[in-house]
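Let's take a walk through a protein model together.

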Amino acid sequence: MSKNNDLLRAEGINKSFGAVTAAKDINVGIKKGERVSLIGSNGAGKTTFMNMVTGYLKPDTGNIFFKNENITSLNPRVITQKGISRSFQIPQIFEPMSTWENLLVALGTSQKNHSYFKNARSKENSDYIDEMLSRFSLNEFAHRQVSELPGGVRKLLDIAMALVRKPDILLLDEPTSGVGAEEKYPLMDTIAKALSVEDLTVIFVEHDMDIVQNYSERVVAFYQGEIIADDNCDKVLKDKNVQEYVTGKTQVKAK
Amino acid sequence: MSPKLINNIFFQSIFLMSLLIVVGIFIPNWLVFVITKAIAYGLVGLGIITLMRGGLVSFGQGFVFGIGGYTAGLLGTQAGLTDAILLLFISFIFTGFVGLIIAPLLARYRDIFFAMLSLAFSMVLYGILIKIDAIGGSDGFVLPESTYFGIKPSPEYADYMLYVVSIIMTGIVSIIIKYYYDSTPGLIALAVRENELRVEYLGSSAFNVAVLNFTIAAGLGGMGGALNGIALGHIDPEFTYWTTSGEFVFISILAGYLSVPAVFLAALLLELVRSFSGRYFPDTWQLILGVFLILSIIFIPSGIGSFFKKFFDKFKNK
């Protein structure tokens with residue numbers, strides 16, 4: 001078993017879908033409090049990595065450790081309970097409910113020893129949800145049905161729901177995808193501000209390199225299921241392989 | 001009347017229960033019987049809407065309806081237990097326990113698979129019951145007359161006594177169910193209905209929600225079956241037949257999953273339509289029922305409960 005000061009560590013992860021290799025000998029460690037972006041073209045293996053960390057997919061070989069505990073075989077629910085939460089590329093929210101009710105569900109799922117006779121809309125719960133609404137600048141949307149909300153607000157709600165549980169690690173799958181160019185920075189500012197309150201490790205998948213540069217300290221670049229670079233932003237974005245296969249023009253790896 | 005008082009669940013329930021008990025004195029005996037039957041069916045419907053809130057529909061609630069009915073009947077004939085309150089309570093507990101045993105199997109399935117598996121359980125039970133001559137086979141058997149705290153009411157008050165007991169017990173059960181709906185686990189069940197995967201990613205178990213809701217639905221179905229058996233004074237395998245299960249689904253669709261009282265109103269409407277169409281169109285009452293269901297789905301797709309919700313939301317917002 002891996003024993004070191006990494007909060008999250010993947011060791012020798014391999015994953016294939018038929019002939020397609022989605023993860024090839026992935027070895028990476030994430031420390032507490034780090035802000036890490038995962039970059040790579042479509043199909044590079046970023047979301048597969050995220051899905052394996054959160055238990056949605058199981059690696060063919062290799063192990064994933066969280067706080068030095070092997071979580072490879074655990075299901076998403078148990079992994080979430082242990083302290084790894086995630087948001088989704090397409091926000092997974094409860095459409096017929098209001099923003100407030102979505103957060104109430106998220107809060108409810110994070111509480112132990114539920115009472116079957118205590119109204120979920122208690123003052124204690126209401127106060128906490130109001131605080132979350134403020135942190136994510138969602139107050140004006142509190143009582144609107146989420147199916148009516150604009151894309152950026154839905155993203156914020158999705159992330160806020162993942163954060164309600166106060167996780168140790170938050171994984172964000174393309175937080176700015178589907179959001180207009182002019183909305184991206186305000187959205188990321190709101191997210192960064194909301195997340196700064198917690199002593200949180202954040203791993204996010206992102207395609208926009210300006211966002212990556214501005215909001216992460218460390219970058220892990222994927223290409224065809226492999227990690228081709230892992231360092232601070234400047235170094236990774238100047239890396240020859242990264243420029244060639246991720247941010248540059250060439251799409252076929254040289255042999 | 002203050003909106004706060006109107007929104008108080010105890011006030012609503014006690015007011016409604018008192019009103020029905022008083023009204024029962026003045027209405028004809030046949031209507032008392034029809035309302036008692038409607039309450040029995042409504043209890044099963046309440047179980048189905050509890051499942052619906054978690055995204056599941058059972059086509060086989062005749063299974064628990066039959067178990068509840070036979071539990072009450074066999075306790076009456078074999079153990080000499082005739083107290084209606086005890087019979088209803090024991091049937092609720094026993095059928096809930098049976099539900100808890102099979103729930104882990106059912107909860108692994110969703111949508112039509114859950115519905116058909118529940119139907120399969122009811123058909124197996126039907127097949128067994130019609131073959132057991134010791135409990136009357138396809139004819140069933142007669143239940144002894146009910147008592148209440150050791151007192152057997154005179155025949156002219158027997159129906160009314162059962163009516164009062166059923167209203168009080170159903171009122172208590174409805175309050176408990178309403179509390180569950182408004183609690184955190186009740187809210188999580190609604191979330192499971194919308195997005196099971198997200199609920200898992202938030203750290204809750206959709207499987208546990210399905211097990212809990214089926215167990216509750218089983219208990220309610222069993223209590224409904226016992227009440228129906230006691231009201232009819234007779235129990236037979238038809239309790240478990242698929243057409244009986246279909247009537248419960250009908251009630252649930254008509255009621256919708258938004259309101260507890262709506263399910264009893266829907267059950268009463270079904271009983272009234274059945275009584276009147278059975279009397280005036282004896283060979284085509286299913287046709288009347290079918291047309292009634294089509295109109296309900298077209299004009300009130302969210303069920304009668306959506307009217308109730310709008311009404312109470314209006315008071316809440318005042």
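This is a predicted model: local features need pLDDT of at least 70, side-chain atom pairs count only at pLDDT 80 or more; totals for chains, interfaces and linings use all residues.

The angle between helix 3 (residues 29-53) and helix 11 (residues 242-255) of chain B is about 65 degrees, and their axes lie 8 Å apart. The crossing of these two helices is right-handed.

Which residues make the contact? Helix 3 of chain B brings B:Y41, B:G42, B:V44, B:G45, B:I48, B:I49 and B:M52. From helix 11 of chain B come B:E247, B:F248, B:V249, B:I251, B:S252 and B:A255.

Next, find B:I230 in helix 10 (residues 206-232) of chain B. Is B:I230 buried or exposed? B:I230 counts as buried because it has 29 C-beta neighbours inside 10 Å, and 20 or more are needed for that label. Beyond its neighbours within four places in sequence, B:I230 is in contact with B:A72, B:A84, B:L87, B:L143, B:S146 and B:L162.

Now turn to chain A. Its domain assignment gives domain 1 (1-73 + 217-255) and domain 2 (83-202). Taken over C-alpha atoms, the centres of these domains of chain A are 26 Å apart. Their contact takes 12 residues from domain 1 and 9 residues from domain 2. On the domain 1 side, helix 1 (residues 46-53) of chain A gives the largest share, 3 residues. That side of domain 1 of chain A divides into 6 nonpolar, 3 polar and 3 charged residues.

Definitions and conventions. Residues are numbered from 1 along each chain as its sequence is written. Chains are lettered from A and ligands numbered from 1 in the order in which they are written. Axes are lines fitted to C-alpha atoms, for helices over the stretch in contact, and angles run from 0 to 180 degrees between N-to-C directions. Helices (H or I, at least four residues) and strands (E, at least two) are DSSP runs, numbered from the N terminus. A crossing is left-handed if the near helix is turned anticlockwise from the far one by less than a right angle, and right-handed if clockwise. Two residues are in contact if their C-beta atoms, placed from the backbone, lie within 7 Å. A residue is buried if 20 or more other C-beta atoms lie within 10 Å of its own, exposed if 12 or fewer, and partly exposed in between; C-beta atoms are placed from the backbone. Domain bounds come from an automatic or database domain assignment. Ala, Val, Leu, Ile, Met, Phe, Trp, Tyr, Cys and Pro count as nonpolar, Asp, Glu, Lys and Arg as charged, and the others, Gly among them, as polar.
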